Amino acid sequence: MPTSIYEVLELMRKYGRIEKIHKDTYIVEVKADKVKDICSILHWKLGGHFSVTVGSDERLINGYFAIYHVFLLDEQKISIIVHTKANPAIPKIPSITPIIPGANWHEREAHDFFGIVFENHPNLERLILPYDWPEKVYPLRKDVSIEELRFKILKPETVKEKVKPEEEYIVPIGPYHPALHEPEYFELYVEGERIVDAKYKGFHVHRGIEKVAEERLTINQIPFIAERICGICGYTHNVAYCQAVEYAANIDVPLRAKYIRSILLEIERIHSHLLWFGVLFHLLGFDTGFMMTWLVREKIMDLAEILTGNRKNYGMNLVGGVRRDINEGKIKLSLETLDYVEYKLRKILNKMLKLKEIMSRTKEIGLLSREEARKLSVVGPVARASGISTDVRKYHPYAAYGELEFKVPVYDAGDVYSRVLVRYDEIFESISMLKQLLKNIPKGDLMAENVEVPEYRKGLGLTEAPRGENVHLVITGRENKVYRWRPRAPSYNNVPSTLVMLKGENLADAPAIIASIDPCFSCTDHVVVVDVKRGTRRTLRLKEISRGRAR
Amino acid sequence: MSLKLFRRSLWVYHLNSGGCNGCDIEVLNIFTPYHDVERLGIKLVASPRHADVIVFTGPITRETLPKAIRAFFAVPEPKAVVAVGSCACGGGIWYDSYAVIGGIEAFYRIIEKYYKVRPPPTVYVPGCPPKPEAIIYGVAVLRGVLKQKQRKTYFLEKEVPTLTRDFIVNLEKYMKQGGGIRIGKR
Amino acid sequence: MKALRIEIFKEALKTGVVTKKYPFEPIEVPEGFRGKPSIDTEKCIGCGACANVCPPSALSIEVDAKRGVKKIMLFLGRCIFCGRCQDVCPTEAIKLSREFELSSLNSKDLYQVVELKMARCKTCGRYYATIRQILFTARNVPKDQRPLLLLCDECRSKVSAKYISYARW
């Protein structure tokens with residue numbers, strides 16, 4: 001079993017030409033018939049895990065469609081991208097879903113946007129585009145522009161035809177506390193109180209960000225649209241994109257800017273985990289916990305406002321550095337706030353997690369074994385609660401994380417309670433990391449000197465969001481624009497695992513299970529319940545379901 | 001205006017039509033202890049049939065358009081709308097994308113064209129995301145309790161110097177004499 | 001188990017009342033807060049750098065050829081309060097204040113419009129730039145080349161080409 005970087009690269013060389021794009025990242029160009037073998041070796045034999053599949057229309061550069069499969073190897077601390085080309089007339093590539101089930105959604109998305117056909121895929125259906133999208137129109141190809149799509153190809157009349165009140169539509173938009181949910185819904189097939197099967201229909205939030213970024217925005221405007229991809233973990237997307245462009249263009253970011261970015265990343269992690277605790281407590285019916293955690297969270301939001309100027313959407317990054325500085329007074333204020341937050345959390349959150357009601361409703365529920373987790377390639381706290389130790393901050397260090405000391409919490413049980421404990425430990429690790437960063441911040445510049453981005457270079461940016469790893473692949477273009485940008489949020493890999501976790505459970509536990517993966521486009525409160533025996537279909541609110549019998 | 005019919009408390013229905021969730025979390029934040037809008041009589045309800053006011057967030061995506069229309073018509077008259085955030089007010093940073101209808105004004109154009117319904121009284125709360133206090137201020141403006149501060153402004157330049165060759169070559173001399181043109185940094 | 005619940009209850013009581021009294025009392029925002037942007041009409045020269053850099057195109061520039069004015073429009077409804085316009089303005093005309101109470105009942109109240117007069121080219125008669133922008137650039141140009149600023153881009157490049165071709169002799 002090859003373990004050093006040199007041996008791994010020698011093994012890859014047998015399949016195709018290998019090249020180094022930038023620090024710790026290599027790209028292997030293989031022919032279409034060898035894709036399955038090399039991906040199987042990378043995922044199952046060498047201990048790496050599958051991350052993302054990116055399709056790209058490169059007919060203007062070299063006349064082909066291209067597919068990139070990205071794999072991260074934690075032990076050797078490198079990333080490997082597998083690159084194949086497809087015929088522009090009828091693009092066909094063998095699918096890797098039979099070996100790695102986690103690639104299911106990624107290949108369906110490449111099919112939706114580019115028209116690439118993956119042979120032997122179990123169900124190559126429409127995933128992301130809206131229900132009334134016409135056939136044979138592929139939005140991300142370079143020969144169709146936004147103007148044509150908006151005004152010539154898609155007409156609002158088609159939307160009107162479907163809006164008849166007699167048709168059966170489920171209103172998936174849910175409004176109760178906490179109504180922070182984007183519209184999407186789960187279909188649960190039940191027999192009595194037990195869930196037999198589950199289906200998921202989502203992507204109501206598809207806004208067409210990638211096409212807007214390729215056509216209208218310049219390289220320095222894209223960080224602002226990247227922040228607004230998600231309402232909770234937006235700053236990680238910002239940093240991942242800036243890192244991808246900086247690696248591709250070989251720009252050296254000053255150390256003080258890296259420390260400031262790490263400080264803001266950890267502040268975001270604390271507020272995201274506290275928000276998640278509030279949501280979980282509310283779904284279990286424990287409103288005191290919800291109000292108390294969000295009370296502590298307000299102090300963190302005020303701190304973010306003092307440091308950056310806004311509670312969310314910090315707007316601090318440009319390619320090459322940061323825009324604002326932190327002075328001595330702000331550092332002192334941050335340390336005081338962190339002391340208060342740590343004191344409060346150690347007093348209340350600790351006790352709340354020991355209550356008998358919370359433990360009985362979360363232990364041994366929503367089990368995800370280690371083999372299933374590896375097959376679906378889950379990331380983040382969901383993987384760490386099933387016994388897989390993976391953390392981008394430790395194994396592929398970026399920003400200032402290479403200089404910090406911290407632990408990665410890993411638990412074995414794979415149920416909802418382990419995920420609670422993983423996130424609880426991570427809050428205190430973040431607080432200790434912040435104290436180290438604030439005390440040791442060096443002096444220096446905030447922005448790199450010469451920021452010039454050459455054309456047609458590839459870059460891969462990795463960060464650890466509160467929900468898992470964030471991967472951005474960037475191919476730079478001409479005239480200050482980007483040729484291809486693919487942001488992948490961690491929930492993309494995590495949501496398919498709920499369909500495995502929900503089988504065989506009680507209906508009353510479904511909300512807690514869905515919330516335990518911390519979906520970024522999180523669960524709606526309307527769920528459709530289909531009774532298999534009686535053949536009836538009811539729409540219920542999650543609050544009603546969760547008040548059922550606890551085990 | 002039909003707003004006078006809302007005498008005391010307002011029951012609010014929250015409709016997310018495909019946004020990033022930032023504004024939704026700020027709408028939830030106003031029910032937490034620091035801002036506590038329930039002391040002013042505002043309650044969040046679960047079904048659109050119980051509501052008086054709809055809180056819209058997010059640019060309306062193509063996928064959620066029929067569902068948003070159906071929820072909008074399920075709210076009984078008289079109703080009012082609060083458009084929260086830059087996505088709902090004007091379409092946001094992706095106002096020209098193929099998958100986005102574009103904010104509440106485009107939504108009203110569709111309703112007027114196909115359903116012949118006049119748009120209800122609306123208050124716009126800009127911000128990305130707006131502070132919880134800004135949302136409370138917006139609801140207070142809707143009720144008529146506070147006066148609106150923001151007005152449109154228009155400026156047209158009146159007196160301009162005539163540009164002759166002599167004027168532009170000896171610019172500094174004329175600027176010191178006339179002293180009336182203040183351009184740029186001091 | 002009972003002791004645990006009593007402890008949680010006691011902690012909740014100890015926090016006390018934290019509700020802010022807005023909207024009955026004003027609140028303070030920290031320094032450096034990114035609030036409403038506004039254009040200072042004395043300083044703006046109509047160069048259009050802010051409209052180039054604005055990510056959601058909330059700032060837009062239009063040329064009205066009939067009246068000879070350049071119109072700069074700022075739409076607060078689509079603004080994302082990022083502050084890039086403040087970074088690139090050459091005369092510090094647009095700045096972000098600390099106001100956040102911007103709601104209005106009519107979307108037309110969210111606009112700010114500034115109209116500046118433009119100059120005609122001496123040769124072809126087309127409107128090409130605002131008068132303020134010409135005067136601002138003229139201060140950094142040596143005196144003998146200033147008359148070239150009175151021509152539009154096409155006429156100016158034709159004249160400069162003649163100078164270059166003479167200089168070759």
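Which strands of chain A does helix 3 (residues 104–114) lie across?

**View 1. Helix 3 against the sheet.** In this predicted model, helix 3 of chain A lies across strand 3 and strand 4 of chain A. The helix runs at about 10 degrees to strand 3 of chain A.

**View 2. The open sheet of chain A.** Strands of a sheet pair through backbone hydrogen bonds, in either a parallel or an antiparallel sense. Here five strands form an open sheet with mixed pairing, and their order is 1-2-5-4-3. Strand 1 (17–22) and strand 3 (49–58) of chain A are the edge strands, each pairing on one side only. From one strand to the next, the twist averages 25 degrees.

**View 3. Strands 4 and 5 of chain A.** Strand 4 (residues 64–73) and strand 5 (residues 78–86) of chain A pair in the antiparallel sense, over nine bridges. A:H69 has A:V82 in strand 5 of chain A as its bridge partner.

**View 4. Helix 1 against the sheet.** Helix 1 (residues 5–13) of chain A lies across strand 1, strand 2 (25–29) and strand 5 of chain A. Its direction is at about 130 degrees to strand 1 of chain A.

**View 5. Helices 10 and 11 of chain A.** The axes of helix 10 (residues 287–308) and helix 11 (residues 328–352) of chain A come within 11 Å and cross at roughly 170 degrees. Angles over 145 degrees count as roughly antiparallel, so helix 10 of chain A is roughly antiparallel to helix 11 of chain A. Residues making the contact include A:M292, A:V296 and A:L303 of helix 10 of chain A, and A:L333, A:Y340 and A:I348 of helix 11 of chain A. The residues of this contact divide into twelve nonpolar, three polar and three charged.

Conventions:
Residues numbered from 1 in each chain as written. Chains lettered and ligands numbered in written order. Predicted model: local features only at pLDDT ≥ 70, side-chain atom pairs only at ≥ 80, totals over all residues. Pairing = 2+ DSSP bridges. Helix = DSSP H or I, 4+ residues; strand = E, 2+ residues; numbered from the N terminus. Axes fitted to C-alpha atoms, helices over the stretch in contact; angles between N-to-C directions. Contact = placed C-beta atoms within 7 Å. Parallel < 35°, antiparallel > 145°, perpendicular 65-115°, else oblique. Nonpolar A, V, L, I, M, F, W, Y, C, P; charged D, E, K, R; others polar.
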